[in-house]
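Trainee: I would like a close look at one part of this model: its charged side chains. Please take me through them, then through what surrounds them.

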Amino acid sequence: MTTAPPTSDSRTFGRALSDLRNGFKQPELWGHLAWQDIKQRYRRSVLGPLWITISMGVTALGLGLLYSQLFGASVGTFLPYITTGFIVWNFILGCLTEGTDTFISNEGLIKHLPAPLSVYALRTVWRQSIMFVHNMVIYFIVIAIFWGDVTTPNYTMTEDGMTHPGLNWDVLLAIPGFALLAVNAGWVVLLFGIASTRFRDIPQVVSSLINLLFFMTPIVWTTDILKDKFGSTADWRDWVAELNPLYHFIQIVRAPLIGNSVSWHHYAIVGGITVVGWALALVVMRNYRARVSYWV
């Protein structure tokens with residue numbers, strides 16, 4: 001009588017979830033690695049990581065002043081809008097571009113350090129979170145300068161634009177908004193990181209599309225501008241923003257920070273993407289987690 005060979009449990013959702021649990025249990029590892037990444041990047045620099053903040057501030061100031069004049073928007077409300085948009089976009093951009101390179105750049109550690117695969121994804125997300133906190137310094141400076149503009153009830157950014165309630169205690173909604181953003185960054189880094197180890201063209205594809213995504217997302221422009229230019233015929237053009245998932249992720253963080261009301265549908269769309277994204281990431285982790293060390 002022949003005995004069937006034992007089945008392997010390496011390709012199970014249990015092993016994939018175990019990898020995630022074990023990764024979260026080692027914050028001292030991925031936290032230390034993320035901080036070392038930032039220190040290494042700015043080694044021998046006088047200002048160190050403050051260059052992150054300075055670069056963001058100069059970019060937001062220059063583009064904010066330029067586009068406020070091009071669109072006929074008030075500088076006092078448009079500059080905080082574009083600054084917060086840039087801060088959130090910079091986090092998303094870092095997770096997309098550096099996420100595709102997460103496992104490739106950690107080749108040496110993956111082959112010699114017996115750590116869960118999720119440690120390297122958490123390292124990337126935590127590094128981007130530290131940079132996000134650095135950039136928030138610019139937000140507080142801009143809000144302090146234009147406090148009177150963004151706290152005015154029912155203010156508008158363009159002459160006939162949508163009214164906004166003004167900055168209030170709803171600003172605290174930015175905290176769970178960023179938490180949702182970071183949770184989604186986790187599956188993005190895992191999914192794109194694993195796929196990129198097998199198909200090395202993916203990082204180049206993402207880098208090529210990132211500029212298009214930037215201009216297609218309401219960061220340096222607002223949806224009010226569409227209505228100002230096209231009036232009632234702008235209805236179908238609104239879908240340019242609504243069909244862009246990045247718009248909803250930016251809004252759940254940006255809107256509370258500048259006193260805009262956040263529509264429930266932004267949270268609904270982000271919630272749906274979170275569920276679908278993590279389901280895809282778990283499937284990829286289940287099937288290909290063990291192969292990453294051979295692919296890198």
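How many salt bridges does the structure hold?

Mentor: First, the ground rules. This is a predicted model, with residues numbered from 1 along each chain as its sequence is written, and local features need a pLDDT of at least 70. Side-chain atom pairs count only at pLDDT 80 or more, totals for chains, interfaces and linings use all residues, and side-chain values use heavy atoms, with hydrogens and water left out.

The structure holds four salt bridges. The term means a side-chain nitrogen of Lys or Arg within 4 Å of a carboxyl oxygen of Asp or Glu. D37, E98, R123 and R127 are linked in a network of such bridges.

Start with R127. Its side chain meets that of D37 in a salt bridge, at 2.6 Å from N to O. This pair links distant parts of the chain: D37 is in helix α2 (residues 27-41), R127 is in helix α7, and 90 residues separate them. Helices here are DSSP runs of H or I, at least four residues long, numbered from the N terminus. D37 counts as buried, at 18% relative accessibility. R127 is also buried, at 8%. Buried means under 20% relative accessible area, exposed over 50%, and partly exposed in between, with a 1.4 Å probe and protein chains only.

R127 also forms a salt bridge with E98, where the closest N and O atoms are 2.6 Å apart. E98 lies in helix α4 and R127 in helix α7, so this pair ties together parts 29 residues apart in sequence. E98 is partly exposed, with a relative accessible area of 22%.

The side chains of K111 and E107 meet at 3.1 Å, N to O. Both lie in helix α6 (residues 107-112), four residues apart, about one turn of the helix. An α-helix has 3.6 residues a turn, so residues three or four places apart point the same way. K111 is partly exposed at 43% relative accessibility, and E107 is partly exposed at 34%.

Now the surroundings. Helices α4 (75-99) and α7 (118-145) carry E98 and R127, and they are among the elements that cover the buried residues of α3, as does α10 (202-216). Helix α3 (residues 50-70) has 21 residues and reaches 30 Å from its first C-alpha to its last, close to the 30 Å expected at 1.5 Å a residue. That expected span is 1.5 Å times one less than the number of residues. The buried residues of α3 are I52, T53, M56, G57, A60, G64, Y67 and S68. They cover an arc of only 130 degrees around the axis, taken from the directions to the C-beta atoms, which puts them on the same side of α3. The face turned away from that buried side carries the exposed residues V58, Q69 and L70. After α3 comes G72, whose phi is positive, near 65 degrees.

Last, confidence. pLDDT is the predictor's confidence in each residue, from 0 to 100. The protein averages 85, and 91% of the residues score at least 70. Confidence is highest in α9, at 94, and lowest in helix α11 (residues 223-230), at a mean of 70. Over residues 1-8 the pLDDT is below 50, and this stretch has zero contacts (heavy atoms within 4.5 Å) beyond near neighbours in sequence. Where pLDDT is low, the predicted coordinates should not be read in detail.

How values were computed. Helix = DSSP H or I, 4+ residues; strand = E, 2+ residues; numbered from the N terminus.
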